[in-house]
Amino acid sequence: QEAGDAKRWHVVRLAASLLEKLVDSIAPSISTLLVSGKQVTLGVFGRREHVISEPLGPFRIKDILYETVRPHSVYETVMQQEMVIFLASIVSAYPRAFEGMLRFRVGWILEAMRNVLVERNCPDEI
């Protein structure tokens, strides 16, 4: 609670990952992306990815995240959940925003964001 109130998101993400938390809306968010005609991959950039091309239950999604992502990045396990929910909200609000894109590679999107932050010299945001 204290970390969230102080906006220490790295601490919140670390705790959530260590407790193997899963956002309630992750399965519906992935379904939203799939209904838009896209596949979703979960996994760390440069490592093994898991392609999701059909709706999955929350427990299966949790297994994928914690088996595929967490061994490489404790924080990213939670960040990928946040990103999936954000992407689903964009797709819902602007269905044509990702026209022509076949797959949301969540780990790659987060890597691109990290690279931008490094380029802008914002190491505290990574």
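Two strands are said to pair if DSSP finds at least two bridges between them. On that basis, Leu42 stands opposite His50 in β2. The model described here is predicted. Its 3 strands form an open sheet in the order β2-β1-β3, with mixed pairing.

**The sheet**

- The edges of the sheet are formed by β2 (50-52) and β3 (103-105), each of which pairs on one side only.
- From one strand to the next, the twist averages 20 degrees.
- Strands β1 and β2 pair in the antiparallel sense, over 3 bridges.
- Strand β1 (residues 39-42) runs parallel to β3, and 3 bridges join the two.
- Within the pairing of β1 with β3, Val40 stands opposite Phe104.

**Helices across the sheet**

- Helix α3 lies across β1, β2 and β3, and its direction is at about 135 degrees to β1.
- Helix α4 (residues 58-69) lies across β1 and β2, running at about 45 degrees to β1.

**Residues of the strands**

- Thr41 belongs to strand β1. With a relative accessible area of 1%, Thr41 is buried, because the limit for a buried residue is under 20%.
- A polar contact of 3.2 Å links the side chain of Thr41 to the side chain of Glu49.
- Not counting residues up to four places away in sequence, Thr41 touches Glu49, His50, Val51, Arg103, Phe104, Arg105, Val106 and Gly107.
- Phe104 has its place in strand β3 and is likewise buried, at a relative accessible area of 1%.
- Leaving aside neighbours within four places in sequence, Phe104 is in contact with a set of residues that includes Lys38, Gln39, Val40 and Thr41, and also Leu33, Leu87, Val91, Phe98 and Ile109.
- Phe104 and Tyr75 are 29 residues apart along the chain, and their C-alpha atoms are separated by 19 Å.

**Packing of α2 with α5**

- Two packed helices are described by the angle between their axes and the distance between the axes.
- The axes of helix α2 (residues 9-18) and helix α5 (residues 74-93) come within 8 Å and cross at roughly 95 degrees.
- On the α2 side, the contact is made by His10, Arg13, Leu14, Ala16, Ser17 and Leu18. On the α5 side, Val74, Tyr75, Thr77, Val78, Met79 and Glu82 take part.

**Residues of the helices**

- Arg13, found in helix α2, is buried with a relative accessible area of 19%. That value counts as buried because the cut-off is under 20%.
- Tyr75, Val78, Met79 and Glu82 are touched by Arg13, not counting residues up to four places away in sequence.
- Between Arg13 and Thr77, 64 residues apart in sequence, the C-alpha to C-alpha distance is 8.2 Å.
- Val69 is placed in helix α4 and is buried, with a relative accessible area of 0%.
- The contacts of Val69, leaving aside neighbours within four places in sequence, are with Leu42, Gly43, Val44, Ile64, Glu76, Thr77 and Gln80.
- Val69 and Val44 are 25 residues apart in sequence, yet 5.7 Å apart in space, C-alpha to C-alpha.

**A positive phi in a loop**

- Most residues other than glycine have a negative phi.
- Glu20 has a phi near 55 degrees, a positive value in a residue other than glycine.
- Glu20 lies in the loop between α2 and α3 (26-35).
- Glu20 is partly exposed, with a relative accessible area of 32%; this description applies because the value falls between the limits of 20% and 50%.

How values were computed. Residues numbered from 1 in each chain as written. Predicted model: local features only at pLDDT ≥ 70, side-chain atom pairs only at ≥ 80, totals over all residues. Heavy atoms only, no water. Axes fitted to C-alpha atoms, helices over the stretch in contact; angles between N-to-C directions. Helix = DSSP H or I, 4+ residues; strand = E, 2+ residues; numbered from the N terminus. Contact = heavy atoms within 4.5 Å. Buried < 20%, exposed > 50% of the residue type's maximum accessible area, 1.4 Å probe, protein only. Polar contact = N/O pair within 3.5 Å; in protein donor to acceptor, adjacent residues only side chain to side chain.
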